[in-house]
Amino acid sequence: MTSTSRRRAIAVAALLAAAIPALAACGAGFDANTNVPYAPNEAGVLYDGDGPGKAYGKNGVMIPQAFILGPDSGQQLAAGGSAPLYLTLLNSTGTADQLTGIVPEEQKATSVKVASPIDLQPGTLAKTPDVTIEGLKTALRGGESIQLTLQFKNAGDVALTVPVVARSREFATLPPAPTATPAASPTATGSPAPSDTASPATTGAAPSGSPAPDAQ
C-alpha cells in the first residue's frame with residue numbers, strides 16, 4: 001500500500017468511526033436506528049473478497065445505513081403503492097462519484113424514483129433524500145426485504161438487500177409513506193349476499209295491465 005493509499009484509508013476509517021455513534025444513537029430516524037451500530041446490509045453484500053482479507057465496501061462505496069420505511073405498526077403498504085428508501089453512502093475513493101439510478105428486483109417493485117443524481121464527494125457521508133420505491137408488487141408490513149441495484153457513475157453497479165422497517169420507535173419521526181392503510185382483517189362469512197334483483201323500470205313503459213295510450 002502506498003503512503004497516499006494508507007493516508008486515505010486512515011481518513012475513511014476515522015470518518016466511519018465518527019459516524020457510527022450518530023448512526024447508533026436511538027431516536028434519530030434517518031440519522032440513527034438502534035443503540036448499537038446498525039448496518040443491515042453489510043453482512044450479505046458490501047464486502048470485496050472472501051476470508052480474513054476481505055474489505056468492507058464495494059468498488060469504493062460503503063453504505064453504513066440502508067432501510068425502506070414501511071407503514072406504522074398494524075398497517076400495511078398496499079400492492080401498487082410506494083415506500084421511501086433511506087441510504088447513507090460513503091465514497092472511500094479519491095475521486096468524486098454519483099449515484100445515478102436504482103433498480104429494484106423485478107418481483108418486488110417496478111421502479112425506484114431518484115429525483116436527481118446524488119453526488120458523492122470523497123470521504124464525505126451523503127444521504128439520499130426523496131428516493132421512493134414505486135409500484136410495489138406485494139403488500140409490505142415491515143420485516144420484509146427488497147434487493148436493489150445501485151448504479152454509480154464510476155463505481156458501477158452495487159447490489160444490496162435492504163430491509164423494510166416499520167415506522168415505529170426510532171423511525172417514528174420520519175414522514176409516513178403516503179399509501180399506508182390499516183392491515184386487512186379476515187373477511188366475515190355467513191352474511192347474506194345483497195340482492196341483485198333489478199327494480200322495475202319506471203320510465204318509458206306503461207304499468208302492467210294498463211291500456212296503452214291512444215295513438216295520436
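Q: Let us begin with a single side chain. Does Y86 count as buried or exposed?

A: A word first on the source: this is a predicted model. Burial is judged from relative accessible area, with under 20% as the limit for buried. Y86 has 11% relative accessibility and therefore counts as buried.

Q: How many aromatic pairs does a search of the whole structure find, and how is the pair of F67 and Y86 arranged?

A: The general idea is to look at the distance between ring centres and at the angle between ring planes, where planes under 30 degrees apart count as stacked. The search of the whole structure gives two aromatic pairs. In one of them, F67 and Y86 are stacked, at 5.0 Å centre to centre and with 20° between the planes. Because F67 belongs to strand β3 (residues 61–69) and Y86 to strand β5, this pair ties together parts that are 19 residues apart in sequence.

Q: What is the geometry of the pair formed by F67 and F171?

A: For this pair the angle decides, since planes over 60 degrees apart count as edge-to-face. The ring centres of F67 and F171 are 5.0 Å apart and the planes stand at 65°, so the pair is edge-to-face. The two residues come from distant parts of the chain: F67 is in strand β3, while F171 is in the loop between β12 (156–165) and β13 (180–182), 104 residues away. F67 counts as buried at 0% relative accessibility, and F171 counts as buried at 7%. Through these ring pairs, F67, Y86 and F171 are linked into a cluster.

Q: Which residues have the most contacts inside the largest nonpolar core?

A: A core is read by its members and by the elements that supply them. The largest nonpolar core has 31 residues, and L85, I102, L148, L150 and F152 have the most contacts inside it. At least two residues of this core come from each of β3, β5, β6 (97–104), β7 (111–114), β8 (118–120), β10 (131–134), β11 (145–152) and β12. Another core, of six residues, lies apart from it and includes L69, Y86, V165 and L174.

Q: Which residues make up the covered face of β11, and which the uncovered one?

A: In a regular strand, side chains alternate between the two faces of the sheet. In β11, the covered face consists of I146, L148, L150 and F152, and the uncovered face of S145, Q147, T149 and Q151.

Q: How many bridges does β11 form with β6, and how many with β12?

A: Strand pairing is read from its direction and its bridges. β6 and β11 pair in the antiparallel sense over five bridges, with I102 opposite L150. β11 and β12 are also antiparallel, over eight bridges, and S145 stands opposite P163 in β12. A hairpin of three residues joins β11 to β12. β6 pairs with β8 as well, in the antiparallel sense over three bridges, and there Q98 has D119 as its bridge partner.

Q: To close with a polar residue: where is N91 placed, and which polar contact joins its side chain to that of T93?

A: One reads location, burial and then partners. N91 is in strand β5 (residues 82–91) and is buried, with a relative accessible area of 3%. Its side chain makes a polar contact of 2.7 Å with the side chain of T93, and the side chain of N91 also reaches the backbone oxygen of L120 at 3.1 Å. Beyond residues up to four places away in sequence, N91 touches G60, A96, D97, L120, Q121, P122, G123 and T124.

Methods
Residues are numbered from 1 along each chain as its sequence is written. This is a predicted model: local features need pLDDT of at least 70, side-chain atom pairs count only at pLDDT 80 or more; totals for chains, interfaces and linings use all residues. Side-chain values use heavy atoms; hydrogens and water are left out. Helices (H or I, at least four residues) and strands (E, at least two) are DSSP runs, numbered from the N terminus. Buried means under 20% relative accessible area, exposed over 50%, partly exposed in between (1.4 Å probe, protein chains only). A polar contact is a pair of N or O atoms within 3.5 Å; within protein, one must be able to donate a hydrogen and the other to accept it, and residues adjacent in sequence count only if both atoms are side-chain atoms. Contact means heavy atoms within 4.5 Å. Rings of Phe, Tyr and Trp (its six-membered ring) pair if their centres lie within 6.5 Å; planes under 30 degrees apart count as stacked, over 60 as edge-to-face and the rest as tilted. A nonpolar core is a set of buried Ala, Val, Leu, Ile, Met, Phe, Trp, Tyr and Cys residues joined through side-chain atoms within 4.5 Å. Two strands pair if DSSP finds at least two bridges between them.
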